[in-house]
Amino acid sequence: MKINKMKPKQIEEQVEKLKTPIDTGDGKRTKGDESPSRRYRHLCERLHFLTMKKALIIIAISILGSVQGANILIETPKPPAKKTIKARITAYWLGEDEFGWKSATGKRLVSGKSCAVDPKIIPYGTNLLIEGKAYHAHDTGTAVISRKASGKTKLPVVDLFYATERQAKRELARVGRTALVEIQ
């Protein structure tokens, strides 16, 4: 009988048979027979698989039975923003200053992903979500810290980095002068 088709009780019976010594009169085996140790290993592996499968099904049912467990398995909600602030959005691009691709923290700037912030308000390494797009804060500048670009409102400034002036202006047109910034 094939091991994959056997029920756990049948497998246990076969394992018990293999534990007892085999008396063959002539000591020969017919073609296709497995050695007792190999069959024993296969039977034990199948029994272990069936036991683990049953345990996983029981765990899954118990988790799905609870309302919270169903929410965890079906949909993982996005983590809430630590803080949301209103900020003045500006942009800068490559060649606008002498620093090139290097940020204030020493990391390479990535067009459309990096931004400059005041590290006293938004720490370096923080992920920001501005109008549905994610940015990583790892640069700063004197105009950002002094809030010079903010004008009379004195809102915190988030300066978005882009490779070209055209990309920067297109993004500013999409986002606007001020926006809600989710600090994550």
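C115 stands opposite L160 in strand β5, where strands (E, at least two residues) and helices (H or I, at least four residues) are DSSP runs numbered from the N terminus. The model is predicted, with local features requiring pLDDT of at least 70, side-chain atom pairs counting only at pLDDT 80 or more, and totals for chains, interfaces and linings using all residues. Residues are numbered from 1 along each chain as its sequence is written, and side-chain values use heavy atoms, with hydrogens and water left out.

Strands β2 and β4 (residues 133-139) run parallel and are joined by 3 bridges.

Strand β5 also pairs with strand β1 (residues 83-93), here in the parallel sense over 6 bridges. Within β5, F161 has Y92 opposite. In total, 6 strands close into a barrel of mixed pairing, in the order β1-β5-β2-β4-β3-β6. Neighbouring strands of this sheet are turned by 45 degrees against each other on average, direction ignored.

Because 6 of the 6 residues of β5 (residues 157-162) are buried, this strand is largely enclosed by the rest of the structure. Buried means under 20% relative accessible area (1.4 Å probe, protein chains only), exposed over 50%, and partly exposed in between. Both faces of β5 are covered: V157, D159 and F161 are buried on one side, as are V158, L160 and Y162 on the other.

Conventions: Two strands pair if DSSP finds at least two bridges between them. Axes are lines fitted to C-alpha atoms, for helices over the stretch in contact, and angles run from 0 to 180 degrees between N-to-C directions.
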